[in-house]
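Reader: I have a structure open and would like to go through it step by step. Could we begin with the whole and then turn to the details?

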Amino acid sequence: MRKSLLLILPLFGMTFFPAYAQSTSDQRNRVVQELRSRFAKADTDGDGGLTREEAKAMPRVASHFADIDTDRDGKVSLEEIGRYLAAQRGK
């Protein structure tokens, strides 16, 4: 029984792992699209950066504005937000 179980487990993984990987990729894409959409709505002047005032439309960004604004130009870009979120996931 144990030997047959060991033969079946890899097949089980090959069947379901691609679906899980695709699901994870789809979820990540949805999150990125949502972030881009929210950023575009918050960027009321359309200059590609959020001032502290514009960032209020994205409360998490507003509350961590100083940490996200790595180049200290008084605005946060979508790239800076992405780097901040990636760093937070790594903690």
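This is a predicted model: local features need pLDDT of at least 70, side-chain atom pairs count only at pLDDT 80 or more; totals for chains, interfaces and linings use all residues.

Reader: What does the secondary structure of the protein come to?

Author: The protein has five helices and two strands. Read from the N terminus, the order of the elements is α-β-α-α-α-β-α.

Reader: And how much of the protein is made up of buried residues?

Author: Of the 91 residues in the protein, 20% are buried.

Reader: Which residues make up the largest nonpolar core?

Author: That core has twelve residues: Leu35, Phe39, Ala42, Leu50, Ala55, Met58, Val61, Phe65, Ile68, Val76, Ile81 and Tyr84. The largest share is that of α1, with three residues.

Reader: Let us take phenylalanine 39. Where is it found?

Author: Phenylalanine 39 lies in helix α1.

Reader: Why does phenylalanine 39 count as buried?

Author: Its relative accessibility is 6%, and the term buried applies to values under 20%, so phenylalanine 39 qualifies.

Reader: What is phenylalanine 39 in contact with, leaving aside its neighbours in sequence?

Author: Beyond four places in sequence, phenylalanine 39 contacts Gly48, Gly49, Leu50, Met58, Val76, Ser77, Leu78 and Ile81. Serine 77 is 38 residues from phenylalanine 39 in sequence, while their C-alpha atoms are 8.8 Å apart in space.

Reader: A change of topic: how much space lies in the largest pocket?

Author: The largest pocket holds about 530 Å³ of space. It is lined by 20 residues, of which Val31, Val32, Leu35, Leu85 and Arg89 are the closest to its centre.

Reader: Which elements give two or more residues to that lining?

Author: They are α1, α3 (59–63) and α5. The largest share, eight residues, comes from α5.

Reader: And how do the lining residues divide into nonpolar, polar and charged?

Author: Twelve are nonpolar, one is polar and seven are charged.

Definitions and conventions. Residues are numbered from 1 along each chain as its sequence is written. Side-chain values use heavy atoms; hydrogens and water are left out. A nonpolar core is a set of buried Ala, Val, Leu, Ile, Met, Phe, Trp, Tyr and Cys residues joined through side-chain atoms within 4.5 Å. Buried means under 20% relative accessible area, exposed over 50%, partly exposed in between (1.4 Å probe, protein chains only). Helices (H or I, at least four residues) and strands (E, at least two) are DSSP runs, numbered from the N terminus. On a 1 Å grid over the protein atoms alone, a cavity is a set of points where a 1.4 Å probe fits but cannot get out, and a pocket is an open set with protein on both sides within 12 Å along at least five of seven lines; lining residues have an atom within 4 Å of a point. Grid points are joined across faces, edges and corners, and a volume is the space filled by probe spheres set on the points. Ala, Val, Leu, Ile, Met, Phe, Trp, Tyr, Cys and Pro count as nonpolar, Asp, Glu, Lys and Arg as charged, and the others, Gly among them, as polar. Contact means heavy atoms within 4.5 Å.
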